[in-house]
Amino acid sequence: MTAAIDRAGFIRSTGNTVWWGTDQPRVEFFQGGVRGWQADLQQFSDVLREQATSDLIRVTASVAPELIADAALVLDCTGRAGVIAKEHGVREYDAGPRTVGLVGEWRTGASWSLPDDTHTIIESYRDGWMWSVPTAPGVRHVSAMIDPQRSELARGGSPRGVYLNEIGKTGQFKQLLGDARLTGGPWGWDATPYRSREYAGANWILVGDAASFIDPLSSAGVQKALASAWLAAIVANTCVSRPMRRSDALAFFAARERQVEARYSSAARLFLTAAAREHREAFWADRVVEIEHGADATAAVQAAFERLKAAPELRVRVSPDITISPRPYIDGHEIAIGDHIVSGDRDSGTRYLHNVNVPALIELAPRVTTVEELLTAYLARCGAVDLHDFLMGLSTVIARRWLVSE
């Protein structure tokens with residue numbers, strides 16, 4: 001697959017440049033000097049389709065409805081179209097404001113005036129935010145993310161006029177595009193986030209953007225969709241190879257999709273709230289949501305870690321509020337059933353924290369009297385573990401009071 005993507009010739013990106021609630025750029029390079037891809041969606045889809053086709057897999061442009069109805073398992077990978085999601089009426093939008101993306105193609109005869117012109121660039125401004133990626137040398141797609149009800153679109157303004165007017169409100173993008181030409185668009189796209197009431201049914205699962213769509217502030221939505229597809233493949237494999245685990249696999253997929261959507265949506269709202277501190281206009285005021293930042297939880301883990309360092313002995317017992325119960329989890333290419341820490345009947349459970357097997361850790365901890373003894377016992381039971389991960393996992397279960405000091 002990597003070789004096929006390399007042959008496609010996508011631009012290799014080194015990171016992002018962001019002006020978010022400030023005139024000062026934040027230049028972010030990918031960790032460890034790795035590079036990403038700025039990929040055209042249609043070209044990327046063609047690469048994936050070519051790689052998926054084999055003697056066992058047939059790709060068709062359309063499928064008869066009766067074939068879908070009779071299929072043992074249908075994966076809805078239709079993106080925002082959400083064919084199966086809409087058929088079952090499970091898609092949900094927030095009651096809040098809508099967002100529209102107006103996208104244009106711009107060309108310049110020189111390189112873009114940026115710290116690195118392979119970067120994704122983002123700028124917030126008083127009535128929305130701008131987003132841009134390079135698609136070829138000297139070519140960029142530039143998106144204006146606006147509220148259609150608070151723009152001239154709602155009063156019959158032309159998309160082109162509205163688009164150029166929004167660019168004129170910016171600081172950085174107006175300068176960047178000063179000597180460039182608009183050679184395509186603008187095209188309009190609904191960019192309003194949504195989720196699903198259900199992510200899996202008796203013979204279907206919703207994958208990627210068919211399941212949920214988050215505010216496109218970064219490439220997090222691409223990461224979410226790829227992770228969703230990976231998990232869907234594991235679930236489908238389990239349904240075929242281990243039919244007795246089908247219901248567990250489908251339930252696991254639905255729970256994971258719900259958790260991932262909630263986590264990414266929360267992060268997006270935090271970004272919007274950060275920009276709203278500088279932009280006081282209605283676009284931002286409508287999108288501010290009070291969210292717990294998790295500072296208290298982080299402080300509790302740090303406090304537990306400090307207590308572990310200071311205490312001469314480790315004397316703990318398992319909290320009566322938790323149980324160790326079987327729950328589904330990912331094991332290679334299948335969904336397996338194994339021990340999890342569970343704090344209620346509806347809790348999907350926790351198996352790993354910081355790459356540490358939590359049920360094993362909690363089972364072993366009351367049997368020893370020092371952290372060193374616990375580490376030795378854990379290594380004998382579960383194999384190698386990074387020391388930092390081990391200490392963070394132990395600190396977290398103590399902070400959550402799954403292990404209680406004697």
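1. Let's start with a side-chain pairing: serine 325 reaches threonine 323 through a polar contact, side chain to side chain, at 3.2 Å. Keep in mind as you look that this is a predicted model.

2. Where does serine 325 sit? You'll find serine 325 in strand β15, which covers residues 323–331.

3. Is serine 325 buried or exposed? Its relative accessibility is 17%, so serine 325 counts as buried, because buried means under 20%.

4. Now for the neighbours from further along the chain. Leaving out residues up to four places away in sequence, serine 325 touches Gly338, Asp339, His340 and Val342.

5. Serine 325 and serine 348 are 23 residues apart along the chain, and 9.9 Å separates their C-alpha atoms.

6. On to the second largest pocket, which holds about 950 Å³ of space. It is lined by 29 residues, and the ones closest to its centre are Phe252, Arg256, Gln259, Ser348 and Gly349. The elements giving two or more residues to this lining are α7 (220–241), α8 (246–276), β15 and β16 (334–342).

7. Which element gives the largest share of that lining? The answer is α8, with 10 residues.

8. Last, the make-up of the second largest pocket's lining: 14 residues are nonpolar, eight are charged and seven are polar.

Terms used
Residues are numbered from 1 along each chain as its sequence is written. This is a predicted model: local features need pLDDT of at least 70, side-chain atom pairs count only at pLDDT 80 or more; totals for chains, interfaces and linings use all residues. Side-chain values use heavy atoms; hydrogens and water are left out. Helices (H or I, at least four residues) and strands (E, at least two) are DSSP runs, numbered from the N terminus. Buried means under 20% relative accessible area, exposed over 50%, partly exposed in between (1.4 Å probe, protein chains only). Contact means heavy atoms within 4.5 Å. A polar contact is a pair of N or O atoms within 3.5 Å; within protein, one must be able to donate a hydrogen and the other to accept it, and residues adjacent in sequence count only if both atoms are side-chain atoms. On a 1 Å grid over the protein atoms alone, a cavity is a set of points where a 1.4 Å probe fits but cannot get out, and a pocket is an open set with protein on both sides within 12 Å along at least five of seven lines; lining residues have an atom within 4 Å of a point. Grid points are joined across faces, edges and corners, and a volume is the space filled by probe spheres set on the points. Ala, Val, Leu, Ile, Met, Phe, Trp, Tyr, Cys and Pro count as nonpolar, Asp, Glu, Lys and Arg as charged, and the others, Gly among them, as polar.
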